[in-house]
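The model comes first, then the notes by topic.

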Amino acid sequence: MVSGYYFDISAFLILICLAYTYFLQHLHKVEENNIVFVALLSVLLAAGLSIAYYMKPFSRSTLTVPFYVSSWALTAVSIALFILYLYMDRAYNIGRWKPVVFVGIPFAADFIFVVLSSFDLHSAFRTAAYCCDVILFIVGINILYVYKKNTSRERALMLWVVLIGMIAATIVEMLYPDVMIQRFAMSLLFAETFFNLKDPEEQFDADTGLISLETFKEEIRRRFYYLKRHGGGVSLVMLAIHSTETFLRLLGEVNELKLRQSVISEITRIADGTPIYRVRQGVYIFLTENDDRAEADRIQSALIDRFESTFGMEAYEMELPFSTCRIDLPEMAPDGVALTDLIHMAVREGRLYEKPVVDARALDLSTEEYMREVDEKVRHAVESGNLEVYYQPIYSLKEKRFVSAEALLRLHDGDKFIPPDTFITVAENNGSIVEIDDFVIQQVCRMIAARNLPELGIRYIELNLSVSDMLQDDISGKLTKFADMYHVHPSQVNLEITETSDDAFTGVVESNVLRLSHLGFNFSLDDFGTGYSSLSRIIMMPFDIIKLDKTIVQAPFEMETDQERRNAMTLLESSADMVKRIGAETVAEGVETKEQLEEMERLGVDFIQGFYFARPMPEGDFINAVRAMNKK
Ligand code: C2E
Ligand code: CA
Ligand code: CA
């Protein structure tokens, strides 16, 4: 008897701690939390009753039955509530009959058995009541199983632990009625659930008090899950306010705050109870109940009305640039990821073209989808083994043979390639460029060592480095490491870099260039003639080679009018001339025709890289092509 009593005391202490945190955090904002909290409260009340029973000065004999029975009944209530919570949490809009049948019936039976057991506290009725508890927990497990896709793994794991723990505790108490461990276990495990529920900090956005992005994602996942199982639709309205950082800064902090508050209070009024999610700065989603397209329309037109007039504050009256977009699910976006894409595109479209109404059907999801696929592939490019280095031979006009080559990366995608311009940009944005370029550096060093290039007449391989590579402090260490590893001399590697447009970076890039050039690496300036190259810097930096970009090489041959052709030719001529005067060698990129080749010869260009002589090709083909050409 006494052991059970201590268990209940512990359970009761949990209540006190909990009540404290509950009121501290104002958790009542969150409806789901309420259910778990009430479940907890009733189990703890049950524990409290049992404690009271053990305290003197009650006359035990008379009070035994009411105390026991009410505390068991409370326990049953709490279990039923907890399972009900699982239903509400897991399956959005589950309907009525399932909870009634699977929770209501076992609960009613449980309750009846508890009452019946009051005639004889150790009767079979009591065992039957425990069996009902176990059934309820099994219903919980079934909910978890059926809706397993509808929740995160951690959360599911936590709930499995709770339910299995509860079944174990219930069975122990059924077999040894004096060990009143069930309520103790329940209070521990329900408390675990309770604390694992999203706290309001997470659920609500701190700046605006609206519902947060995380919650939006979860809600959307639930809704899609529901749509897949039960059909129907969901309508939402997006509101994007396109005020820029600069605009907000000009406004000043105090005014910005006021402006935001007035916007929030206006849109909350317009929403009229429809939940508003803030998915990122200035972007709000109004998510209507199920299929309420009329409500979505009402919200959208009310928003347009409101935002077409000004927002007033003491000193200012201002219009806010905005866009709205009505999105119907699942027609316009079949899943959560597509929806996120659609929202992004709608915001962008609205901002670019200053549209108050963006038509979601007119947006092309496929580019966004493609870019995301590329992003995914790029992240795993190195480990997936889909990368291959191709080599494009470079021809010397003086020696009439191939003397070098440029390493160009290929990303295989099935039997196609993802173009390097696309995936290199993606890799630069998502940070995998460093790993990818490491791969290229290593491959190139390996190739140089393995293929005995000097014998073939290839003096060096040109290697593209991104600005992000040149920004790394240890880039020179890394390059020397790979060169040493394969016994490659730095002069066998020529590093191609492009000018950066951003002045903030040039310092680091410059010092890396100098360091590497002291170590014996040579440098090419890539894409000369495309834009940012600042002439003064080109003269300052130790470039051995300057590569005329294919756009300026091909321009004189592609222009419509004579005048344009002459201008393009002037640009090309003076670029080639300038490179010569600096004392660097010239590579003309993109030479495709005989006519272009002859023009380059006339201009005194040193090297030719272009389809006219060779395309980029796999290592083996490259070696063969060089062998064939250089034997002649
Ligand atoms: P890039 O450095 O300007 O490379 C030269 C590009 O011109 C290559 O495109 C090459 O295939 C193409 N090209 C060569 N000759 C001709 C020609 O006669 N006609 C035409 N139309 N094109 C020609 P690719 O291979 O598609 O590479 C595109 C860009 O991707 C490269 O431009 C470079 O910036 C980047 N890239 C490629 N490989 C790497 C790499 O390993 N690392 C880094 N960081 N960037 C790379
Ligand atoms: Ca290049
Ligand atoms: Ca280039």
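The calcium ion (ligand 3) and the calcium ion (ligand 2) are 3.9 Å apart, and Asp-526 coordinates both. This is a predicted model, in which local features need pLDDT of at least 70, side-chain atom pairs count only at pLDDT 80 or more, and totals for chains, interfaces and linings use all residues. Residues are numbered from 1 along each chain as its sequence is written, ligands are numbered from 1 in the order in which they are written, and side-chain values use heavy atoms, with hydrogens and water left out.

- Because Asp-526 belongs to strand S13 (residues 522–528) and Glu-589 to strand S15 (residues 585–589), the pair ties together parts that are 63 residues apart in sequence. Strands (E, at least two residues) and helices (H or I, at least four) are DSSP runs, numbered from the N terminus.
- Both Asp-526 and Glu-589 are buried, where buried means under 20% relative accessible area, exposed over 50% and partly exposed in between (1.4 Å probe, protein chains only).

**Calcium ion (ligand 2)**

- Glu-406 (OE), Asn-464 (OD1), Glu-496 (OE) and Asp-526 (OD) coordinate the calcium ion (ligand 2) at 2.0 to 2.3 Å.
- Along the chain, these donors follow the spacing E-x57-N-x31-E-x29-D.
- Asn-464 in strand S11 (residues 460–464) and Glu-496 in strand S12 (residues 493–497) are 32 residues apart, and the pair links distant parts of the chain.
- Asn-464 has 24% relative accessibility, so Asn-464 counts as partly exposed.
- Glu-496 has 1% relative accessibility and therefore counts as buried.

**Ligand 1**

- A nitrogen atom of ligand 1 is 2.4 Å from an N or O atom in the side chain of Glu-592.
- Oxygen atoms of ligand 1 lie 2.8 Å from an N or O atom in the side chain of Lys-550 and 3.2 Å from a polar side-chain atom of Asp-527.
- The protein covers 86% of the 800 Å² of accessible area that ligand 1 has on its own (Shrake-Rupley method, 1.4 Å probe).
- Strand S9 (401–413) and helix H17 (433–451) are among the elements giving two or more residues to the shell around ligand 1; S9 gives the most, with four residues.

Technical notes: Donors are N, O and S atoms within 2.8 Å of the metal (3.2 Å for Na, K and Ca); water is not among the atoms, so sites may look incomplete. A polar contact is a pair of N or O atoms within 3.5 Å; within protein, one must be able to donate a hydrogen and the other to accept it, and residues adjacent in sequence count only if both atoms are side-chain atoms.
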